[in-house]
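Trainee: Could you go through this one with me? I'd like to start with the rings and then move on to the strands.

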Amino acid sequence: MKWHICVSLIAMLCLALFYNLPIRNNQAQAQGKAGEEKITVLSPMGIPPAIRLKTMAPRLDTLDGKTVYLVDVGYVGTDILLKEVEDWFKANMPTVNIVYRRKFGFFTSEDPFLWREIKEKGHAMVMGVGH
Amino acid sequence: MSAVVDHCINVESKLGVPTVPLIISEFHDQVKLHRKKKGMPGLRVTYLISPVWGKTAKRLRNEIVAKSPVSETMIMQEIVGNLTKPLTAEEKKMGTIEQSAGPERFTDTPDNLRQYFMDNRMTDYLPIILPTEEKVAEMLKGTSHHPDEVVGKMAAHTQFPGAGMEIFEHWSYTVKTVAINAVMAGMKPEYLPVLLAVASTGKEGLSVSDNSFTEMLVINGPIRDEIKLNYGIGAMGPFSQANSTIGRAWNLLSLNAGNCGRVGTTYMGVVGNPMNWNNIVIAENEEDSPWQPFHVRHGYKPTDNVVSLFEGWGIISAKNSKFSKWTREPDFPGAIKRILIDQDMLFGATAVLSPVVAHFVKEAGFDSVDKFTIWIMKPEEGQWPDFRSIRDINIIITGGSNNNYWSYGGMRYFQSVLIDKWR
């Protein structure tokens with residue numbers, strides 16, 4: 001009889017341990033899930049402006065007989081580069097009239113006198129160098 | 001880069017003259033985005049082999065008859081084609097493109113959100129405080145201004161007045177946006193008026209310039225003690241929450257609200273700058289200075305709380321200069337003059353003196369900063385002045401008095417703004 005009681009107690013203990021372990025595991029999982037609960041955060045982004053598209057100028061049928069302005073924005077070495085571009089035109093497209101101009105002021109400065117000259121006398125503009 | 005693109009867009013759209021901007025190839029991504037932002041996504045650019053600066057005529061001659069590193073077509077033939085090939089239907093498109101910076105809220109687990117913020121370059125890659133509604137509401141207690149009030153607008157480059165056209169697009173932001181970025185940086189609500197004052201200027205905390213600039217704030221007035229800014233030992237270092245987080249918050253605000261710091265488009269610093277993490281934040285040590293504080297010298301009252309903005313290459317110790325030797329009877333005015341006049345006039349020079357060094361200078365006969373600055377500017381016999389105006393030289397006093405050290409750098413002063421307006 002004692003032996004039966006002893007076996008029953010051991011069996012109950014095993015069952016208790018068996019069912020208890022998953023409970024503990026679930027608790028751990030539940031804690032993990034709680035730590036991973038979804039939250040809502042606010043965007044730190046600003047508001048970008050709308051873009052208004054601008055008109056591109058019509059292209060030329062040909063450069064023959066046209067005046068192309070080579071405009072130097074003022075960055076170091078641009079004058080040397082544009083001289084080479086001018087020489088290339090003279091050697092390869094001699095009918096193109098090339099005019100070199102150094103834009104007034106800092107890179108970002110406007111040069112209304114030059115813009116007016118290009119509008120009146122030029123057909124196209126090549127500007128360099130963007131760095 | 002941007003200036004050339006902008007001039008060409010203006011010449012095309014305003015004068016009706018076809019153009020070809022010549023840009024070095026490394027700026028391809030930036031140009032692609034920039035020409036779209038400026039309303040001419042089809043602007044025909046010819047990319048050159050970089051760099052141009054420093055090359056001989058012979059080398060450039062060979063390079064312009066080579067293939068463009070971007071299009072793989074011959075450079076000179078491409079220039080001719082860009083001026084003569086008829087516009088496509090896409091290039092003729094007109095209208096307005098609305099832009100969005102994404103959703104106003106994100107919902108996910110904290111780990112995923114942190115990863116999302118990093119993946120989308122909304123952080124400086126250091127840990128952030130996630131800006132929940134509750135934390136942002138708490139931060140907003142630092143100001144009486146309405147959360148929806150527009151504070152200002154920011155671009156990746158601030159143009160000096162009169163320096164010509166604005167190049168980068170300006171993004172706008174509200175008080176709430178500033179507070180969100182302040183939360184992320186780890187700021188306390190009582191610091192918020194400082195950041196709002198900085199934000200109101202529109203000055204970016206991360207400059208696009210290939211110079212790898214850093215930015216600097218000088219804070220004056222009683223607020224220094226209110227928010228526990230450190231202006232004693234280690235004043236420019238990370239030794240108080242206010243010093244550490246205000247400059248960081250300015251950067252996060254610039255990244256997110258101003259669209260700055262996007263490598264390849266709105267950030268082009270060649271070697272970068274370690275000071276970009278939280279910029280340079282200096283609370284002046286007004287109490288130990290022998291002179292009037294910086295803000296008073298710029299027309300403010302001593303009791304005004306003022307933040308002043310600078311930009312440049314950074315601040316380093318003067319000790320390593322050959323003009324700054326350890327000697328028994330150091331000549332501080334002479335050393336400061338020799339080091340400052342060695343700086344490039346374009347950005348001027350800023351000296352950050354410890355109080356003890358400032359007292360040495362005063363005792364040498366300079367009872368005001370102006371007197372000292374005029375003396376620094378005065379050229380040697382027969383030489384041209386190194387600086388254009390007294391404003392090109394700035395003297396800031398901060399730090400401890402435990403030794404005779406000072407720092408300096410090419411930092412130019414932009415402007416000062418009142419902080420209390422944003423309380």
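Trainee: Which residue lies over the face of B:Tyr231?

Mentor: Keeping in mind that this is a predicted model, the residue over the face of B:Tyr231 is B:Arg224, at 4.6 Å from the ring centre. There is also B:Lys337, which lies over the face of B:Trp375 at 4.7 Å from the ring centre.

Trainee: OK, and how many aromatic pairs does the structure hold?

Mentor: Over all chains, the structure holds 16 aromatic pairs. One of them joins B:Phe213 and B:Trp313, whose ring centres are 5.2 Å apart and whose planes meet at 70°, so this pair counts as edge-to-face.

Trainee: Where do B:Phe213 and B:Trp313 lie in chain B?

Mentor: B:Phe213 is in the loop between helix 8 (192-201) and strand 7 (214-220), while B:Trp313 is in the loop between strand 9 (306-312) and strand 10 (316-317), so the pair ties together parts that are 100 residues apart in sequence.

Trainee: And is B:Phe213 buried or exposed?

Mentor: B:Phe213 is buried, at a relative accessible area of 5%, whereas B:Trp313 is partly exposed, at 35%.

Trainee: Which residues form an aromatic cluster?

Mentor: One cluster is made up of A:Tyr75, A:Phe106, A:Phe107 and B:Trp53.

Trainee: Switching to strands, how does strand 7 of chain B run relative to strand 8 of chain B?

Mentor: The two strands run parallel and are joined by 4 bridges, and within this pairing B:Leu217 has B:Val281 of strand 8 as its bridge partner.

Key
Residues are numbered from 1 along each chain as its sequence is written. Chains are lettered from A and ligands numbered from 1 in the order in which they are written. This is a predicted model: local features need pLDDT of at least 70, side-chain atom pairs count only at pLDDT 80 or more; totals for chains, interfaces and linings use all residues. Side-chain values use heavy atoms; hydrogens and water are left out. Rings of Phe, Tyr and Trp (its six-membered ring) pair if their centres lie within 6.5 Å; planes under 30 degrees apart count as stacked, over 60 as edge-to-face and the rest as tilted. Buried means under 20% relative accessible area, exposed over 50%, partly exposed in between (1.4 Å probe, protein chains only). A charge sits over a ring if NZ of Lys or CZ of Arg is within 6 Å of the ring centre and within 35 degrees of the ring normal. Two strands pair if DSSP finds at least two bridges between them.
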